[in-house]
Amino acid sequence: MLKATLRATYLTKLKELTASQKQRIQLDLYDQLFKSEHWQKADVIGLTIAQAYEWDTWPIIEEAWQHNKKVAVPKCYHETKTMIFHIIGGREDLKHQYYDLLEPIVERTVAVSPEEIDLLLVPGIVFDHQHYRIGHGGGYYDRFLKRFTQTTLSLVWSGQVIDQIPIDSYDLPVQYLIRNRLL
Ligand SMILES: Nc1nc2c(c(=O)[nH]1)N(C=O)[C@@H](CNc1ccc(C(=O)N[C@@H](CCC(=O)O)C(=O)O)cc1)CN2
Ligand SMILES: Nc1ncnc2c1ncn2[C@@H]1O[C@H](COP(=O)(O)OP(=O)(O)OP(=O)(O)O)[C@@H](O)[C@H]1O
């Protein structure tokens with residue numbers, strides 16, 4: 001199946017999860033994440049502010065802050081399809097800038113280089129067993145991952161995993177997947 005077809009099919013699947021199904025999956029994923037060594041040893045976590053059909057990232061952000069970890073969120077530059085992560089200290093550091101995405105306000109926050117992010121949580125719509133992913137199609141993470149040498153991890157529901165994604169030369173897999181245990 002083509003990437004675009006897979007993206008559309010699985011986006012629909014994610015949007016069709018009921019609130020309670022989604023909550024069960026999320027609690028399981030958060031639990032595994034917070035118990036993982038990757039999380040425990042990371043001081044700076046890179047993640048996005050989730051859209052409605054993505055796994056909510058606010059509980060992750062709150063947990064990070066409670067444990068004195070720093071949270072870095074990307075600002076997109078659509079001309080170059082690149083991202084720069086900024087450390088946010090609260091919701092007031094975010095505003096809607098690019099599409100519907102909440103992004104850091106540049107004047108209020110400090111940018112970090114990729115080397116300063118210990119653990120990058122990579123969003124995605126479909127994944128395969130080799131950890132390749134399909135995102136929203138901007139190629140933002142493909143470009144970012146090319147120069148990212150730290151740990152990458154995605155939170156994945158079993159309904160989002162397929163045998164094989166058709167990969168292109170620029171696609172890069174994530175290092176670790178945390179998959180839900182309960183169905
Ligand atoms: N919550 C969240 N934030 C995120 C991402 C994400 O997946 N989730 N991203 C993950 O990468 C980046 C933003 N990715 C985006 C990817 C595509 C388009 C977009 O509008 N695409 C066009 C068509 C593609 C194109 O222009 O080439 C469209 O849908 O019309 C927007 C944002 C950074 N922030
Ligand atoms: N390293 C790169 N250099 C140049 N172009 C790239 C690179 N990576 C991806 N692209 C371009 O970005 C486009 C989108 O790639 P792809 O469909 O794999 O995005 P995606 O992984 O679904 O999206 P995202 O990474 O934003 O979540 C491709 O058409 C490709 O031409």
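On a 1 Å grid over the protein atoms alone, a pocket is an open set of points with protein on both sides within 12 Å along at least five of seven lines, whereas a cavity is a set of points where a 1.4 Å probe fits but cannot get out; lining residues have an atom within 4 Å of a point. A molecule sits in a cavity or pocket if more than half of its atoms lie within 2 Å of its grid points.

This is a predicted model, in which local features need pLDDT of at least 70, side-chain atom pairs count only at pLDDT 80 or more, and totals for chains, interfaces and linings use all residues. Residues are numbered from 1 along each chain as its sequence is written, chains are lettered from A and ligands numbered from 1 in the order in which they are written, and side-chain values use heavy atoms, with hydrogens and water left out.

**The largest pocket**

Select His 136, Gly 137, Gly 138, Gly 139 and Tyr 140, which lie nearest the centre of the largest pocket among its 34 lining residues. The elements that give two or more residues to this lining are H1, strand E2 (70-77), strand E5 (101-104), E9 and H5; helices (H or I, at least four residues) and strands (E, at least two) are DSSP runs, numbered from the N terminus. H5 contributes the most, with five residues. The pocket holds about 700 Å³ of space, where grid points are joined across faces, edges and corners and a volume is the space filled by probe spheres set on the points. Its lining comprises 14 nonpolar, eight polar and 12 charged residues. In this division Ala, Val, Leu, Ile, Met, Phe, Trp, Tyr, Cys and Pro count as nonpolar, Asp, Glu, Lys and Arg as charged, and the others, Gly among them, as polar.

**Ligand 2**

Next, select ligand 2, which sits in the largest pocket. The elements that supply two or more residues to its shell are helix H1 (3-16), strand E9 (133-134) and helix H5 (140-146), and H5 gives the most, with five residues. Show the 16 residues around ligand 2 (a heavy atom within 4 Å); Arg 7, Arg 133, Gly 135, Tyr 140 and Asp 142 come nearest. By class, this shell has four nonpolar, five polar and seven charged residues.

Now display polar contacts (pairs of N or O atoms within 3.5 Å; within protein, one must be able to donate a hydrogen and the other to accept it, and residues adjacent in sequence count only if both atoms are side-chain atoms). An oxygen atom of ligand 2 lies 2.7 Å from a backbone N or O atom of Gly 135. For a polar backbone atom of Tyr 140, the distance to an oxygen atom of the ligand is 2.9 Å.

**Ligand 1**

Move to ligand 1, which also sits in the largest pocket. It is surrounded by 17 residues, the closest being Ile 49, Glu 54, Tyr 99, His 136 and Tyr 141. A nitrogen atom of ligand 1 is 2.8 Å from a polar backbone atom of Ile 49, and a nitrogen atom is 2.7 Å from a side-chain N or O atom of Glu 54. At Tyr 99, a polar side-chain atom lies 3.1 Å from an oxygen atom of ligand 1. The shell divides into 10 nonpolar, five polar and two charged residues.

Finally, select Trp 55, Val 122, Pro 123, Gly 124 and Leu 155, the closest to the centre of the largest cavity among its 19 lining residues. This cavity has a volume of about 230 Å³. Strand E10 (residues 151-156) provides the largest share of the lining, three residues.
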